[in-house]
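Here's a quick tour of one structure: a helix pair, then the cores, then a sheet. Have the 3D view open as you read.

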Amino acid sequence: MRAMNPSSNSHPIPSDFKGHTPMIQQYLRIKAEHPDRLLFYRMGDFYELFHDDAEQAAALLDITLTTRGQSAGVPIRMAGVPFHAAEHYLAKLVKQGISVAICEQTGDPKTSKGPVERRVMRIVTPGTLTDAALLDDRRDTRLMAILPGKERVALAWLTLSSGEFRASEINASQLTAELARLAPAELLIPEDYLLSAPEDTALVRRPSWQFDAGRGHRLLCEHFALHNLDAFGINDRPAIQAVAGLLVEYAHHTQQAALRHLAGLTLERPDSFVQLDAAARRTLEITETLRGAPTPTLFSELDRCVTSMGSRLLARWLHHPLTDRHILSQRLDALEALHDADAPRARIQAQIKGSADVERISARIGLGSARPRDLSGLRDTLQKLPDLRASLGAILPTRAKHLTAPSGLAEHLQRALRQEPALTLREGGVIAEGFDPLLDELRTLQSDSGTFLLEIEQRERERSGIANLRVEYNRVSGFYIEVSRGQTDKVPADYHRRQTLKNCERYLTPELKAFETRYLSAADQSLARERELYATLLGQLAAHLPELQALAQAMAEIDLLAGQAEIARERDYCRPHYQTEWGLTIVAGRHPIVEAHSEGFVANDLRLDPSRRMLLITGPNMGGKSTYMRQAALITLMACCGLFVPARAVSLGPIDQIFTRVGSSDDLAGGRSTFMVEMTETAGILLGATEQSLILMDEIGRGTSTFDGISIAWAVARHLASKTHAATLFATHYFELTQLVQHYPLLANVHLDAIESAGKLTFLHSVEDGPASQSYGLQVARLAGVPGSVCQQARRKLTELEEQQVRSEGQGDLFLSTPFLNTSVAEVKPLSPLAAAMSAIDPDQLTPKQALDALYTLKSLADENPTH
């Protein structure tokens, strides 16, 4: 979580502006409107920062801090960045959660008597980025607002760079999972609300009155030009109206422009998606590794998209697996058609490659901030569509129909824009020659004034009969017609004397005066005309925003599907089969990430059905238990995204949630130990899982003492097998748990084995029925490089402990008999305090914390009564 930046106020500036210079007065007035943001104050070719802003920027950007003069007795601290390199510095600040107000010169320095008029033209915040230079082209940047209630939380979020605007209402317990799913870059919350947001989310506290439902309703109706919100299905959802209205207002304030590309609001139903909690998204490494790196992840291994639009859509699909099998089947139908057509698919990928980011360009058109290269890229992309549509039509005619641009738009852009327009409109050079006669004339005045003057000279010679008449120019006199003194009697009546010299007279005609005026101001007029034409062009494009946004979606889907078809062909992925009956069957499944980075990957089967709902997985460390479980979850996830999967065959029934409890670490910031994190995640699974959930539990209970760990693992496994009935993969090193199959017929034992030969341990990585026969803990330690002397001492200690356990009829080796689970409460003497305490416990009603407390109580009783 990152709080948005307040000013440091280490050197307060007096609130009375009268003693300051006029420029500093102007700066302070503008800064007072943006106290919690850095102010980039435009001065010529630099953005300057003053006082506290200068100190903060100097530290964050590693730029020079200087002091120049004084204002009202206060030294003026300054730091600046070049105007042309501002985006580089803005990107650095945004990554650190800093917001910046961009203050531009809006007045004319030539006519300004005091400081040039300035105003804030836009505000750059982490969640409202639209400039290509500030955005990750393969990741969405979301702005979110939330309003907590007693039991429910209202959320609204928008992606300003694409126009996506959504809202939902969830149970308070689901908020952490939703924040992990949507990963907002910036989060607006009420000022009195305590929230621990994700590390990469900038937290912005807003006054509580801004979350008023009536206010939100009015803001939304004004934006969408509606009388009510029936069209969005939120008329009876005041909390959603509040947060959605606040988002629109905040976005409008930061952009200082109309949000024309925000054309609608979608009310999202949580049951539309297969739910994944934050732990599952982290464990499965969907778009980020456990170390926080972008590779290798499921996304990085599956991303064969040739456009950034397609890549972002793939990331959305992977984080939003669907429950609607009809939509998934449509995706798979299209993918299968592309999979079976190698040559046409390759042609489609070649044609779509290099396409502009139509989605984000459309957003910038809607905001009026699209740059010339955005429009030329859009033009070039639209010109590709006929060939792309023809290639796709041979395979997917229905989808090909969506690759349609507004009529005549490509041709209009071709006429309006130069082939390679300037990067910005600042210096002109954007509008094509021949598009506008006035602009052409102004450009001609600058580039070919000599030809024009010769034409005037020739005309005036013919009109006046003065053969030696000359039309010339100098910086002092400007343009003039020069006539020798002996020819002045032939001068036409409309000639006005400009200058008298010894041997000649210089004149000016109305035509030449008009030309002079146009010439001297041609550069300014040319740039002004070009800006006018460009603004008109943006307005014309904005009228087609719905069609452009639909085109962007269609192109992104084709790019995504073609890339997935290519991968499926290369890696021998299969089409998953959806069934209405409960179950999950995977034949020769592989881990999509591990397989791509290893040789000789061993494929394994998985079968879960109504008579076999839970697998207890045993085997040595490094044997492949975690890989086996995660590949099952990733295959399920991919199938619920409508993608081909790494297996020979896959059938899966209804899935509502995917849970994982794998490899916890501590939470130092939250004050939670590794074991506490593990128990918290376990509690979330036991309380939230249903019969249609997929659960992965890996080595639960290892973060505490042996008997505590075994007890917790046994109780959790028993609950899952007897109560939850979800599709469960439960890996453990507690071999005692394998005895549960004798009492719970829905549970089965499987194992991954290894072979030790001549002191060398070989992992087989294949899953077999039944429990493991040996743990190989010491062999794995030796394989990891633990010194031999330490391993020998460990072996001696293990032998000693086993002998002690056997003598006291204790546990013994994990792979020998297991009296711990075979002893029932009924076999204990009825008058024993320990038995009485155990009889009072109902394991099915205990929370993990209560179970832990009960274990400590039982341990204490056992110590007091060792004979029992």
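Helix 17 (residues 449–464) and helix 18 (residues 510–520) pack at about 175°, with axes 12 Å apart. That angle makes helix 17 roughly antiparallel to helix 18 (over 145 degrees between N-to-C directions counts as that). Where they meet (heavy atoms within 4.5 Å), helix 17 brings residues including Phe452, Leu453 and Arg459, and helix 18 brings residues including Leu512, Phe515 and Arg518. By class, that contact has six nonpolar, one polar and four charged residues.

This is a predicted model, so to speak of local features takes pLDDT of at least 70 and side-chain atom pairs count only at pLDDT 80 or more, while totals for chains, interfaces and linings use all residues. Numbering starts from 1 along each chain as its sequence is written, and side-chain values use heavy atoms, leaving out hydrogens and water.

On to the cores, meaning buried nonpolar residues (under 20% relative accessible area, 1.4 Å probe, protein chains only) joined through side-chain atoms within 4.5 Å.

| Core | Residues | Among them |
|---|---|---|
| Largest | 108 residues | Ile365, Leu643 |
| Another, apart from it | 31 residues | Leu158, Leu188, Ala242, Tyr250 |

Ile365 and Leu643 have the most contacts inside the largest core. Helix 20 (residues 545–571) gives that core its largest share, 13 residues. Ile365 touches Arg260, Leu538 and Leu548, among others.

Finally, the sheet: seven strands, open, in the order 14-24-25-26-22-27-28 with mixed pairing (a pair needs at least two DSSP bridges). Strands 14 and 28 stand at the edges with a single partner strand each, so one side of each lacks a neighbour in the sheet. Strand 22 runs parallel to strand 26, joined by four bridges.

Notes: Axes are lines fitted to C-alpha atoms, for helices over the stretch in contact, and angles run from 0 to 180 degrees between N-to-C directions. Helices (H or I, at least four residues) and strands (E, at least two) are DSSP runs, numbered from the N terminus. Angles under 35 degrees count as roughly parallel, over 145 as roughly antiparallel, 65 to 115 as roughly perpendicular and the rest as oblique. Ala, Val, Leu, Ile, Met, Phe, Trp, Tyr, Cys and Pro count as nonpolar, Asp, Glu, Lys and Arg as charged, and the others, Gly among them, as polar. Buried means under 20% relative accessible area, exposed over 50%, partly exposed in between (1.4 Å probe, protein chains only). Lists of a residue's contacts leave out its neighbours within four places in sequence.
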